[in-house]
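Here is a short briefing for someone opening this structure for the first time. Please look through the sequence and the model before reading on.

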Amino acid sequence: MSITTQASIDGSGPGTFVRFTDAVARLTGSSFATLVAAASMLVWLASGPLFHFSDTWQLVVNTGTTVLTFLMVFVIQATQIRDSTAMHVKLDELIAVTSGASDRAIGIERAKEAEIDRMRRELEDQVAATGDADHAPRDGV
């Protein structure tokens, strides 16, 4: 099953960085990657006696994991920002095409926290005023 996006229709397609981060995120999020990481740790642990549990032996794993963690933070951040932005665009489009919906929530993710809280309270008050139990806010949410 293939999903066709506007980017693939008009030929622009994702850029090199997007393709790279998506590929890395898919690969590192796989069961195979988890097994490779676990196997690597087991090999490293098993090699401890061979290297007399030296400082260099410890430094190898510390350096490797630090570098990989540092790089993965950027890959994860890039993919999450892209996914979040796409979700906001989809929600904004749904708001824009839904009759009766207010368009004041479009782009609200860029507003200050106080503005978002004010809007949430207004919507909760509006729901409470209509007496719609199905859409009433739940405690703690």
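This is a predicted model: local features need pLDDT of at least 70, side-chain atom pairs count only at pLDDT 80 or more; totals for chains, interfaces and linings use all residues.

The largest pocket holds about 420 Å³ of space, and α4 supplies the largest share of its lining.

**The largest pocket**
- The lining of the largest pocket is made up of 17 residues, and those closest to the centre are Ala37, Gly64, Thr65, Leu68 and Thr69.
- Two or more lining residues come from each of α2 (16-28), α3 (31-46) and α4 (55-97).
- Helix α4 gives 9 residues to the lining of this pocket.
- By type, the lining residues are 11 nonpolar and 6 polar, with no charged residue.

**Helix α4**
- With 43 residues at 1.5 Å a residue, α4 should span 63 Å, and this agrees with its end C-alpha atoms, which are 63 Å apart.
- The buried residues in α4 are Trp57, Val61, Val75, Ala78, Thr79 and Asp92.
- An α-helix has 3.6 residues a turn, so residues three or four places apart point the same way.

- Helix α5 runs over residues 113-130, which makes 18 residues.
- From first C-alpha to last, α5 reaches 26 Å, close to the 26 Å expected at 1.5 Å a residue.

Methods: Residues are numbered from 1 along each chain as its sequence is written. Side-chain values use heavy atoms; hydrogens and water are left out. On a 1 Å grid over the protein atoms alone, a cavity is a set of points where a 1.4 Å probe fits but cannot get out, and a pocket is an open set with protein on both sides within 12 Å along at least five of seven lines; lining residues have an atom within 4 Å of a point. Grid points are joined across faces, edges and corners, and a volume is the space filled by probe spheres set on the points. Helices (H or I, at least four residues) and strands (E, at least two) are DSSP runs, numbered from the N terminus. Ala, Val, Leu, Ile, Met, Phe, Trp, Tyr, Cys and Pro count as nonpolar, Asp, Glu, Lys and Arg as charged, and the others, Gly among them, as polar. The expected span of a helix is 1.5 Å times one less than its number of residues. Buried means under 20% relative accessible area, exposed over 50%, partly exposed in between (1.4 Å probe, protein chains only).
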